[in-house]
Amino acid sequence: MSSHSNNSSSSVANDPRQPTTAKPYVPPTVSAQDLPVDYSGFIAIVFGITGVMFRYKLSSWVAIIFCAQSLSNMKNVETDLKQISMAM
């Protein structure tokens, strides 16, 4: 039994992890220009324009659905809000 407790103390001493050098993770900051394109907002604008120009009701409904999806997935409030209001 004494060899078992001795083994656990030696494993603690030989632990390669160093908790004193550990640093908390800080996510990198991403500018608004580097964010990925909001495809659902773009599709909403395209379907909204075709719905208005050609008077297709189905296209207008699809535009409303994509607007709702884009609204729920907003990352940058200022630019995305402009795009969604344009699609509406």
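Tutor: Read along the sequence, this predicted model follows the pattern α-α-α-α, with 4 helices and 0 strands in the protein.

Student: What share of the residues counts as buried, and how much accessible surface does the protein have?

Tutor: Of the 88 residues, 16% count as buried, and the accessible surface comes to about 7,700 Å², with 65% of that area belonging to carbon and sulfur atoms. As for contacts between residues at least 6 apart in sequence, 42% of them join residues at least 24 apart.

Student: Why are H2 and H3 called roughly antiparallel?

Tutor: Helix H2, residues 39-54, and helix H3, residues 57-72, pack at an angle of about 155°, and their axes are 8 Å apart. Angles over 145 degrees count as roughly antiparallel, and H2 and H3 are therefore roughly antiparallel to each other.

Student: Which residues make the contact between H2 and H3?

Tutor: On the H2 side the contact is made by Ser40, Gly41, Ile43, Ala44, Phe47, Gly48, Thr50 and Gly51, while H3 contributes Ser59, Ser60, Val62, Ala63, Phe66, Cys67, Gln69 and Ser70. Sorted by class, this contact of H2 with H3 has 7 nonpolar, 9 polar and no charged residues.

Student: Why does serine 40 count as buried?

Tutor: Serine 40, which is found in helix H2, has a relative accessibility of 10%. Buried means under 20%, so serine 40 counts as buried.

Student: What makes serine 60 partly exposed?

Tutor: Serine 60 lies in helix H3 and has a relative accessibility of 29%. Values under 20% would be buried and values over 50% exposed, with partly exposed in between, so serine 60 counts as partly exposed. Apart from its neighbours within four places in sequence, serine 60 is in contact with Phe47 and Gly51. The C-alpha atoms of serine 60 and isoleucine 49 are separated by 8.3 Å, with the two residues 11 apart along the chain.

Student: How do you know that arginine 55 is exposed?

Tutor: Arginine 55 is found in the loop between H2 and H3, and its relative accessibility is 73%. The label exposed needs a value over 50%, so arginine 55 counts as exposed. The backbone of arginine 55 also deserves a remark, with phi near 55°, a positive value in a residue other than glycine.

Student: Why is methionine 74 called partly exposed?

Tutor: Methionine 74 is found in the loop between H3 and helix H4, which spans 77-87, and its relative accessibility is 27%. Partly exposed covers what falls between the 20% limit for buried and the 50% limit for exposed, so methionine 74 counts as partly exposed.

Student: How far apart are the C-alpha atoms of methionine 74 and aspartate 38?

Tutor: These C-alpha atoms are separated by 8.5 Å, although methionine 74 and aspartate 38 are 36 residues apart along the chain.

Technical notes: Residues are numbered from 1 along each chain as its sequence is written. This is a predicted model: local features need pLDDT of at least 70, side-chain atom pairs count only at pLDDT 80 or more; totals for chains, interfaces and linings use all residues. Side-chain values use heavy atoms; hydrogens and water are left out. Axes are lines fitted to C-alpha atoms, for helices over the stretch in contact, and angles run from 0 to 180 degrees between N-to-C directions. Helices (H or I, at least four residues) and strands (E, at least two) are DSSP runs, numbered from the N terminus. Angles under 35 degrees count as roughly parallel, over 145 as roughly antiparallel, 65 to 115 as roughly perpendicular and the rest as oblique. Contact means heavy atoms within 4.5 Å. Ala, Val, Leu, Ile, Met, Phe, Trp, Tyr, Cys and Pro count as nonpolar, Asp, Glu, Lys and Arg as charged, and the others, Gly among them, as polar. Buried means under 20% relative accessible area, exposed over 50%, partly exposed in between (1.4 Å probe, protein chains only). Accessible areas come from the Shrake-Rupley method with a 1.4 Å probe; for residues, only the protein chains shown count as cover.
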